[in-house]
Number of protein chains: 2
Amino acid sequence: MSSHSIDSARLLGRIRMLGDIGRDVDGRLSRLAASDAEKLGRDQFVTWIADAGLEVAVDRIGNIFGIWRACGITDEKPVILGSHIDTVIDAGIYDGCYGVLSALEVIQTLKEDGFVPSRPIVVAAFTNEEGVRYAPDMMGSLVYAGGLAVETALATVGTDGTILGGELGRIGYAGPHEPGFLSPHAYIELHIEQGPVLERESITIGAVESVQGISWQRVTVEGDANHAGTTPISMRRDAGHAAARVITFLRDRAKNSNSPTVATVGCISFEPNAINVIPSRATLTVDLRDPDEERLRQAEAALVKFLDAISQEEHVEVSVERLARFEPVRFDQRIVAKIEKAAKDRGLTSRRMTSGAGHDAQMIARIAPAAMIFVPSIAGISHNPKERTNDEHLIAGVNVLLDVVGELAREVTW
Amino acid sequence: MSSHSIDSARLLGRIRMLGDIGRDVDGRLSRLAASDAEKLGRDQFVTWIADAGLEVAVDRIGNIFGIWRACGITDEKPVILGSHIDTVIDAGIYDGCYGVLSALEVIQTLKEDGFVPSRPIVVAAFTNEEGVRYAPDMMGSLVYAGGLAVETALATVGTDGTILGGELGRIGYAGPHEPGFLSPHAYIELHIEQGPVLERESITIGAVESVQGISWQRVTVEGDANHAGTTPISMRRDAGHAAARVITFLRDRAKNSNSPTVATVGCISFEPNAINVIPSRATLTVDLRDPDEERLRQAEAALVKFLDAISQEEHVEVSVERLARFEPVRFDQRIVAKIEKAAKDRGLTSRRMTSGAGHDAQMIARIAPAAMIFVPSIAGISHNPKERTNDEHLIAGVNVLLDVVGELAREVTW
């Protein structure tokens, strides 16, 4: 086991410095992918990479790499560690940035401590993980893993009408390297949990062995707009009431299923949306997640069956549009075991767990053994200025990462 | 019984002519109160009043009156018949206009046929019945009945930022008369049903004996915005799910109550309204109606009780804002009986009924004996370009009005 430890003050200082870049006049942090604000964050990150003596490389989709090739190490597949530095609107300072800056800290610590790796170690910051300005999210890692053609990704039109490729060129981050130019020996990503499980169980380290499958659908219900005062209940075709039944059905099923299935209706709208008119149309989104593909399919099938029933019972027409679908991802068991062992050796509590959110690691898992490390999020809050993790937990996570990377980087074969 | 009958072709022609005034480039009819489009409708109506030899009078809130004072008749209280000519957005041509133009047609028929009334007969078109541009609705008749000060009403700011008083002046309908300047002997309003009851029962004439009480409330539910993927169901404070339970509760209660209570949720919104975020806030409107005040109060009390329960069960905060409250209105039984008798004498089917919608008649009922006549709405559709009533039913309704007005106008005492 390594006896190194990272420089906590340097890491925490950098997290706070990066978190101050891209704030608006009201102090809200928003570094949307390839924006002017994000350019400032990228520039700061590149400066830190260069100052640490790493080689800076940018690929065509704007992913940034800081490469440490120790003396005599050239062709070996690198250990890559990273995450993203773009943010949502009105974000916290840890989501993504914690993983990227910890990766840099780990490499810098190893380098400064005279660690002798058998392969390159690379910090990566992937473009547009959040997907707020350009869809889909996790775009940079998806392109890197070959799941989306770089030309297609660069042609994406943003919510503000801009083209991603144009914006990357404008901010100086349309790099020369082909995505995938570094073939990882292993990939490991440190991240805040963004959920309440670790805090609730007083556990410091999550050894993330899988990412939930995600099913996103939009349900549209069509009924009849009629006068709220003159139409007897028995004669109504109330799209809003049918929509409400979909919401309570999903919740009741998830609650009673005795499984980790989660179901969320986050968006809704009624038409004509007038106080005295029965809704003729209701649109709602359904977010279903489960770590198990079979159970996720069962949840989707149960929804289809319920929508059929409701269409009969409420005399409404129901249509469904699929918005996104990702199967669950299983991470590399060998790396997960290393994370557990590293935590134990440091005297830290740990548990295996599933990631409820999507992460770049699930994309890179397509081309390399990969896993993630989680640290607790206070009250499970994320994508919010209140997002917070105790310094003690931040430092514990990085030291576990340090130990695992140390092991992986010494491996000559897998 | 009168043996007169109205001039069907003249009436139907005027309804269609007025229905062509105020259409936009897409052919949608929108004559919002005191707008340029409504000015054109008012001007046409005033021309018809004057052409019929009636005296035109406009009061300070813009209500238009066409007064027939037969020879020697001056100080007697008038029989007033009317409705409104403002419309909703993308309206049909019958709502309100049918009552106003029928009133004019009745007076013109009586006049032309040499009818000798004992008191003046007046057609009234009340300002801003729909309440789309300026709140509250039924404003002109409310002011006329003394329920709202004219200065307050004139100062109302519209959805487009305009002031009603300014707009009335601009379009030339800020008249000199004090609202209430004509004290009615009786008021009677002919209107399309705007509901499905008469058509469903194949009845031609509704003798409207009451107007439902209305309770409008806005319910706001506050929970926690959390990540849809990482927050277990048991740890959620889901404002959207709580809102859905309110909707299904109201529907189930109305359906199972074995009473005419109706409950409608017409408007809803979630915040932050993102597919992968549990709603932190849900806002919905509740429209409760019942012809019986005691039952309406019971419905309101049941909602309060349910909101208390849901606030506990779902760990959310619930607040309620009252938007409008009108007690049920009982119309004058003597006039209602005259309507039933007139229908019978004309060989028309009729039934006593409650109005589900609000009408100017309920305001004027505060200061005079009042009642309404309904004719069937095809499929119950109103506030919609598909609003339609068969010509045969339109004509039947006006002839019943003619007979009832003939009787009321001959009365020397009540």
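**Helix H1 against helix H3, chain B**

I began with helix H1 (residues 8–19) of chain B in this predicted model, and found that its axis and that of H3(B) come within 10 Å and cross at roughly 140°, where helices (H or I, at least four residues) and strands (E, at least two) are DSSP runs numbered from the N terminus. The axes are lines fitted to C-alpha atoms, for helices over the stretch in contact, with angles running from 0 to 180 degrees between N-to-C directions. That angle makes H1(B) oblique to H3(B), since angles under 35 degrees count as roughly parallel, over 145 as roughly antiparallel, 65 to 115 as roughly perpendicular and the rest as oblique. I listed the residues in contact (C-beta atoms, placed from the backbone, within 7 Å): H1(B) gives Arg10(B), Leu11(B), Arg14(B), Ile15(B), Leu18(B) and Gly19(B), and H3(B) gives Cys97(B), Tyr98(B), Leu101(B), Ser102(B) and Glu105(B). By class I noted 6 nonpolar, 2 polar and 3 charged residues, with Ala, Val, Leu, Ile, Met, Phe, Trp, Tyr, Cys and Pro counted as nonpolar, Asp, Glu, Lys and Arg as charged, and the others, Gly among them, as polar.

**Helix H3 against helix H12, chain B**

I then followed H3 (residues 97–112) of chain B to helix H12 (residues 391–410) of chain B, where the axes lie 9 Å apart at an angle of about 55°, which makes H3(B) oblique to H12(B). The contact of H3(B) with H12(B) has 8 nonpolar, 4 polar and 1 charged residues.

**Chain B against chain A**

I looked up the interface next and found 48 residues of chain B in contact with 47 residues of chain A. On the chain B side, the largest share, 9 residues, comes from H8(B), and the side as a whole divides into 21 nonpolar, 21 polar and 6 charged residues.

**Domains of chain A**

I took the bounds from an automatic or database domain assignment, which gives domain 1 (8–211 + 329–410) and domain 2 (213–326) in chain A. Their centres, taken over C-alpha atoms, are separated by 36 Å, and 4 residues of domain 1 are in contact with 4 residues of domain 2.

**Confidence and conventions**

I noted an ipTM of 0.82 and a pTM of 0.82 for the complex, and for chain A an average pLDDT of 95, with 99% of the residues scoring at least 70, pLDDT being the predictor's confidence in each residue, from 0 to 100. Residues are numbered from 1 along each chain as its sequence is written, while chains are lettered from A and ligands numbered from 1 in the order in which they are written. In this predicted model local features need pLDDT of at least 70 and side-chain atom pairs count only at pLDDT 80 or more, whereas totals for chains, interfaces and linings use all residues.

Key
Contact = placed C-beta atoms within 7 Å.
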